[in-house]
Each structure stands twice: as structure tokens, then as C-alpha cells.
Amino acid sequence: MKGITGFFMAWGMFLAIPCPVRHWHEDSRQHMIACFPLIGGIIGGLWVLLAWLVTPLPAAVRAFILAIWPWICTGFMHLDGYMDVCDAVLSRRDLETRQRILKDSHCGAFAVIGLVLLVLGQWSVLLHVDRFPWLVLLCIPVASRSCAAIAVLTLRPMGTSQYAAMKRNNVFLLLPILCLAGSTVVPAVWGGNFAPLATVAAYWLFAFYGYRQLDGMNGDISGFALTLAEMAGVAVLTLVG
């Protein structure tokens, strides 16, 4: 029962799509994190459907719609974390100041610059894809969110993180690990496509970068890594196929 509650908690927390069942129980927070990869499956499935629907459109318009979909369907939550981390890390200040900037609600110049580069990058890498493999588009969000769940459940949280008080139990890693394995191995073996694997590599690269720069893990750092990881995945999809 807690697993079902955790799934709908994850839906309500991480998706802007209206949740059919609204439940929140604080003691199911770990279940919510464990179900994060399933939210990636919803995003990926709708991404596949969207790619099919926009096929007749001009390439530039099609690329724009597909580029912004992962941000729109999550209510820009992870994009907000990406911008916060850009502001904090690119300030190149001392640790205490970086952590203070991370929690500042104001948008700084580095966040704006980072956002512009991200949007241009994601649009550019999708611009020249003529055919969108459905399995890859499905698996990229699953892979990124599997990594995010594992990172939040295992890495030391920042003191100000909402996950700092959450109890740790390795049993909740099982579903994210299985989803991570399936979302990377199946496309590689079945379709010979390594874009989801590139997503995983990029996630951990940027997650550890943010973790070291800000001395701990939190939702903003996870969103930062997740956003860049998905762009890396679609880049590999474009450049390697």
C-alpha cells in the first residue's frame, strides 16, 4: 500500500500532469523516491507519442517541441534546480556563499546564461534527428530518474535538503537499480543504441560535480544533473544514432 502511495506522491511531486489520486504520507517519502523511475516512464512514453504527433511539422518546430517537453511536463522543477546550481557553482565563491546562493530565490546572471545555453543545446541536438527511435526516447527519462533516485537515497544530503531527515534503507534501491539496468541494457542489446547509457554517465558526472562543489546532495543538484544528462542522451542519439 505504501508503494502505491509513494507512486502517486512521486506523480504529484515530480509531474505537472494532474495526478488522479492525491495522497501524501511523510513516512512514504522513501517509496516516493524509489518510484521516481516510473515517473520517467510516463514522461518517456508521452515523449514517444509526441514525437509521432509532430512528425509532419518542420524540423525546427519539431525539435523545439521535443526539446522543451521534458521541462514542461515536470513544471520546470528540474530546470529550476539546474539554474540554481549554475548560479551557485559559477559564482566561484567560497562554500558558504555558494550554498547561500543555491537557496536564494532570486535569478542571477549565471542562471540565465546557463539556461540559454541549455535550450540552444537541446534544440540543436534534436534539430537534425529525422527518425526518433521510440525505445530510446522512452528509456532516457527512465535512466536519468533511476540515477536520481539512487543518488538521493545513497549520497550524503546537504543539511538544508528536504531529504536530510529521511531514513536510509537499501531495500528502496531495488526498483531504481532494476529500472536503470533495463533502461540501459535493453536499448543497447535490442537496438544497438547507447544514448541511455550516455545519460547515466552524464548524470553521475554532473551529480558528483555538484555534490563536491556544494558539499552534499539535494534536489537542486539532482535536477541539475538530470537536466544535463538528458541533453547528453539526446546528443548521443543525434551524433551516434
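Predicted model: local features only at pLDDT ≥ 70, side-chain atom pairs only at ≥ 80, totals over all residues.

Biologist: How are two packed helices described?

Modeller: Two packed helices are described by the angle between their axes and by the distance between those axes. Take helix 4 (residues 59–72) and helix 7 (residues 109–127): their axes lie 8 Å apart, and the packing angle is about 125 degrees. That angle makes helix 4 oblique to helix 7. Their crossing is right-handed.

Biologist: Which residues of helix 4 and helix 7 make the contact?

Modeller: On the helix 4 side, the contributors include Ala63, Phe64, Ala67 and Trp71. Helix 7 brings residues including Leu118, Val119, Trp123 and Leu126.

Biologist: At what angle do helix 5 and helix 6 pack?

Modeller: Helix 5 (residues 77–90) and helix 6 (residues 95–103) pack at about 155 degrees, with axes 8 Å apart. Angles over 145 degrees count as roughly antiparallel, and helix 5 and helix 6 are therefore roughly antiparallel to each other. The crossing of these two helices is right-handed. Asp84, Val85, Asp87, Ala88 and Val89 of helix 5 meet Arg98, Ile101 and Leu102 of helix 6.

Biologist: How many salt bridges are there?

Modeller: The count comes to two. One of them joins Glu230 and Arg145, whose closest N and O atoms are 2.5 Å apart. This pair links distant parts of the chain, 85 residues apart: Glu230 is in helix 11 (residues 219–239) and Arg145 is in helix 8 (residues 134–154).

Biologist: And which residues make the nonpolar surface patch?

Modeller: Look for Leu46, Leu49, Trp52 and Leu53, which together make a patch of about 420 Å². Leu53 belongs to helix 3 (residues 36–53).

Terms used: Residues numbered from 1 in each chain as written. Heavy atoms only, no water. Patch = residues over 30% accessible without salt bridge, like charges linked within 9 Å, V, L, I, M, F, W, Y side chains within 5 Å. Areas by Shrake-Rupley, 256 points an atom, 1.4 Å probe, with all protein chains shown as cover. Salt bridge = Lys/Arg side-chain N within 4 Å of Asp/Glu carboxyl O. Helix = DSSP H or I, 4+ residues; strand = E, 2+ residues; numbered from the N terminus. Axes fitted to C-alpha atoms, helices over the stretch in contact; angles between N-to-C directions. Parallel < 35°, antiparallel > 145°, perpendicular 65-115°, else oblique. Left-handed = near helix turned anticlockwise from the far one by under 90°. Contact = heavy atoms within 4.5 Å.
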